[in-house]
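Here is a short note for someone opening this structure for the first time. Please keep the view at hand while reading.

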Amino acid sequence: MKISRFFLLQKLGLAALLVLGLASVYWNAMRVPFVLDDVALIQENSAIRSLRHLNNLWRFSRTRFLTNFSYALDYQCARLNTRQYHIVNLLFHFTTAITVWLLADLLLRQSTRADSEEVNWCHTQESSECIPVAWVAAMVFALHPLQTAAVTYIAQRCAIFAACFYLAACFFYG
């Protein structure tokens, strides 16, 4: 299936607007220091200091190994520079917002009425009728004030991971 140039440019333009929206709303978060659980999970956590002994990460928290592994990678790149940790949270939040967009687009394309008649939200795979509705869903998710904790509070990376992987599983199942 060949995708038209206009359709591709429209999606890329909307993705750029999503990036600009996220950057403008969350840019101040890049200066937030370690707070609350960040201190114990990152600043005082000796398990994230080395990638040679991953079993230390496992012993520190078996239920949040992936989150702690990502902290260890951040530590290897930037030690205790909080900007690195916030940038990674923002990148995963952006990835989750894109996943919301893809899932909303998929659901709109597959939606049906109770009387089993097709709802023609999207007439073809290249139709641009679904894009604005799905994109608005992604923007609401990405910029909603409830999401502030997930980006500014580093210890909430586990919530970003959970949302991203759950929505991705729903998308790939559909």
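The numbered points below go from the overall fold to single residues.

1. **Overall make-up.** This is a predicted model. The protein has 8 helices and 0 strands. Read from the N terminus, its elements run α-α-α-α-α-α-α-α. The protein has 174 residues, and 40% of them are buried.

2. **The main core.** Which residues touch the most other members of the largest nonpolar core? They are L18, L22, L90, W101 and W135, in a core of 23 residues. Helices α1, α5 and α6 (130-143) each give at least two residues to this core. Helix α5 gives the largest share, with 8 residues. As a general point, nonpolar side chains in soluble globular proteins tend to be buried together.

3. **A second core.** There is also a separate core of 12 residues. Among its members are A47, I48, A72 and Y153.

4. The whole structure holds 2 salt bridges. One joins R157 to D74, with the closest N and O atoms 2.7 Å apart. R157 sits in helix α8 (residues 157-173) and D74 in helix α4 (residues 65-78), so this pair ties together parts that are 83 residues apart in sequence. Are the two partners buried or exposed? R157 has 0% relative accessibility, so it counts as buried. D74 has 3% and counts as buried too, because the cut-off for buried is under 20%.

5. D105 pairs with R109, and their closest N and O atoms are 3.0 Å apart. Here both partners lie in helix α5 (residues 82-110). They are 4 residues apart, about one turn of the helix. D105 is buried, with a relative accessible area of 10%.

6. **Cysteines.** How many disulfides does the structure hold? The count is 0. A disulfide is a covalent bond between the sulfur atoms of two cysteines. Two cysteines can still be placed by their accessibility. C164 is buried, at 7% relative accessible area. C170 is partly exposed, at 28%.

7. **A nonpolar patch on the surface.** L8, L9 and L12 make a nonpolar surface patch of about 300 Å². L12 belongs to helix α1 (residues 5-26). Its relative accessible area is 51%, so L12 counts as exposed, the cut-off being over 50%.

8. Most residues other than glycine have a negative phi. Which residue in the loop between α1 and α2 (37-43) deserves a look? That loop holds L36. L36 has a positive phi of about 45°, although it is not a glycine. L36 is also exposed, with a relative accessible area of 67%. R79 is another case, with a positive phi of about 55° and again not a glycine. R79 lies in the loop between α4 and α5. R79 is partly exposed, at 45% relative accessible area.

9. Where is S61? It is in the loop between α3 (54-60) and α4. The side chain of S61 reaches the backbone nitrogen of R64 at 3.3 Å. S61 has 15% relative accessibility, so it counts as buried.

10. **F69 and L54.** F69 is a residue of helix α4. With 26% relative accessibility, F69 counts as partly exposed. How far apart are the C-alpha atoms of F69 and L54? They are separated by 8.0 Å, while the two residues are 15 apart along the chain.

Technical notes. Residues are numbered from 1 along each chain as its sequence is written. This is a predicted model: local features need pLDDT of at least 70, side-chain atom pairs count only at pLDDT 80 or more; totals for chains, interfaces and linings use all residues. Side-chain values use heavy atoms; hydrogens and water are left out. Patches are made of residues with over 30% relative accessible area and no salt bridge: like charges are joined within 9 Å, nonpolar side chains (Val, Leu, Ile, Met, Phe, Trp, Tyr) within 5 Å. Accessible areas come from the Shrake-Rupley method with a 1.4 Å probe; for residues, only the protein chains shown count as cover. A salt bridge is a side-chain nitrogen of Lys or Arg within 4 Å of a carboxyl oxygen of Asp or Glu. Buried means under 20% relative accessible area, exposed over 50%, partly exposed in between (1.4 Å probe, protein chains only). A disulfide is a pair of cysteine sulfur atoms within 2.5 Å. A polar contact is a pair of N or O atoms within 3.5 Å; within protein, one must be able to donate a hydrogen and the other to accept it, and residues adjacent in sequence count only if both atoms are side-chain atoms. A nonpolar core is a set of buried Ala, Val, Leu, Ile, Met, Phe, Trp, Tyr and Cys residues joined through side-chain atoms within 4.5 Å.
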